[in-house]
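Hi,

Here's the structure I promised to pass on.

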Amino acid sequence: MTAAPTTTDGVLVDRYGRVARDLRVSLTDKCNLRCTYCMPAEGLPWLAGPQLLGDDEIVRLVRIAVQRLGVTEVRFTGGEPLIRPGLVGIVSAVAALEPRPRISLTTNGLGLERLAATLRAAGLDRVNVSLDTLDRARFTELTRRDRLADVLAGLSGAAAAGLTPVKVNAVLMRGVNDDEAPALLRFALAHGYELRFIEQMPLDAQHGWDRTAMVTADEILAALGREFALTPDPAERGAAPAETWLVNGGPDRVGVIGSVTRPFCGDCDRTRLTADGQVRACLFATEESDLRGALRAGADDAELARRWRTAMWGKRAGHGIDDPAFLQPARPMSAIGG
Ligand SMILES: C[S@@+](CC[C@H](N)C(=O)[O-])C[C@H]1O[C@@H](n2cnc3c(N)ncnc32)[C@H](O)[C@@H]1O
Ligand code: SF4
């Protein structure tokens, strides 16, 4: 095996030659919904205040990623990033960086109607809003909160504020909402949103994921194909997790993120920072690298960059979900940052 890099600057490259340019930053592990595939009704043991990175600490680490490590895309997520009080300030500080990264946000949409214009003005480029059903009773069952109307208002607010293209993420579950693929696509097309279906992954806090219950990319495409003509999108996919299809000849598109049945680890360009300052090379990594401890112990930028590069060097070739020895990571998706 080649030795880990010792220089402090340069891109985040791993042993397989992949370069991470897309940074996902979790701003909180807390959430105001309780999606059944993500967390239990009672919530989780949340991180305590002092464990969380402060706003300035987050901005410093993002600056190091952008200015020393070649990161060009920054996505804020969680938990629910809109409930972080300092969000607008963090976005504007990141938007002021040179070179300026592209900045996006993955959110459940609650409160987005009110915040969209402010976030746009602060420098947010676009949003992904999660929406798994258009049926109010189902939404209430699935998220354990009666808030569908707020999500729909958040989507409209994001589009009106110019946070475009507005992307919609949907997870389908067997016997719950797996009959809604065409309706979700009709809805997205009618509003000019870009819809992407995500295969359910073994990242729930309850460890209730079951491969046989998972709705696969093939099934999603078959369901859509009964109502729409789908043709492979000729655009270059690059490191994008979604495979995209033109709908009825285009230009509208729909995406499917087949993380389990169509893994894209070979092209992965992501690096992750948790809300408590741990670098993770992969959603499914079982190792983390502590930047918060080093940062609070007085490490300079060069040292933090070196640690980040070392963490990414150890990135595994793939997530290994198909490996009989696969172990679900100890932290759930909401704590890692989806
Ligand atoms: C963890 S959430 C965090 C951001 C925000 N709360 C939201 O829901 O968009 C990010 C994305 O991960 C998805 N997600 C959560 N648990 C998942 C799982 N077990 N498998 C696949 N996707 C999951 C959600 O549907 C959402 O689109
Ligand atoms: S998927 Fe997002 S909105 Fe739903 S419980 Fe998890 S973090 Fe919250």
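Ligand 1 has 17 residues around it, and the ones that come nearest are Tyr-37, Gly-79, Ser-130, Met-201 and Met-333. Bear in mind that this is a predicted model.

The side chain of Tyr-37 has an N or O atom 2.9 Å from an oxygen atom of the ligand. Thr-107 uses its backbone instead: an N or O atom there sits 3.2 Å from an oxygen atom of ligand 1. Then there's Asn-169, with a side-chain N or O atom at 3.4 Å from an oxygen atom of ligand 1.

On to ligand 2. Its surroundings are made up of Cys-31, Leu-33, Cys-35, Cys-38, Met-39, Gly-79 and Asn-108. By class, that shell comes out as 5 nonpolar and 2 polar residues, with no charged ones.

Last, a helix pair. H1 (residues 55-68) and H2 (residues 87-95) have axes that come within 10 Å and cross at roughly 25°. That angle is under 35 degrees, so the two helices count as roughly parallel to each other. The crossing of H1 past H2 is right-handed. On the H1 side, the contact is made by Asp-55, Ile-58, Val-59 and Val-62, while H2 brings Ile-90, Ala-93 and Val-94. Sorted by class, that's 6 nonpolar residues, 1 charged and no polar.

Cheers

Conventions: Residues numbered from 1 in each chain as written. Chains lettered and ligands numbered in written order. Predicted model: local features only at pLDDT ≥ 70, side-chain atom pairs only at ≥ 80, totals over all residues. Heavy atoms only, no water. Near = heavy atom within 4 Å. Nonpolar A, V, L, I, M, F, W, Y, C, P; charged D, E, K, R; others polar. Axes fitted to C-alpha atoms, helices over the stretch in contact; angles between N-to-C directions. Helix = DSSP H or I, 4+ residues; strand = E, 2+ residues; numbered from the N terminus. Parallel < 35°, antiparallel > 145°, perpendicular 65-115°, else oblique. Left-handed = near helix turned anticlockwise from the far one by under 90°. Contact = heavy atoms within 4.5 Å. Polar contact = N/O pair within 3.5 Å; in protein donor to acceptor, adjacent residues only side chain to side chain.
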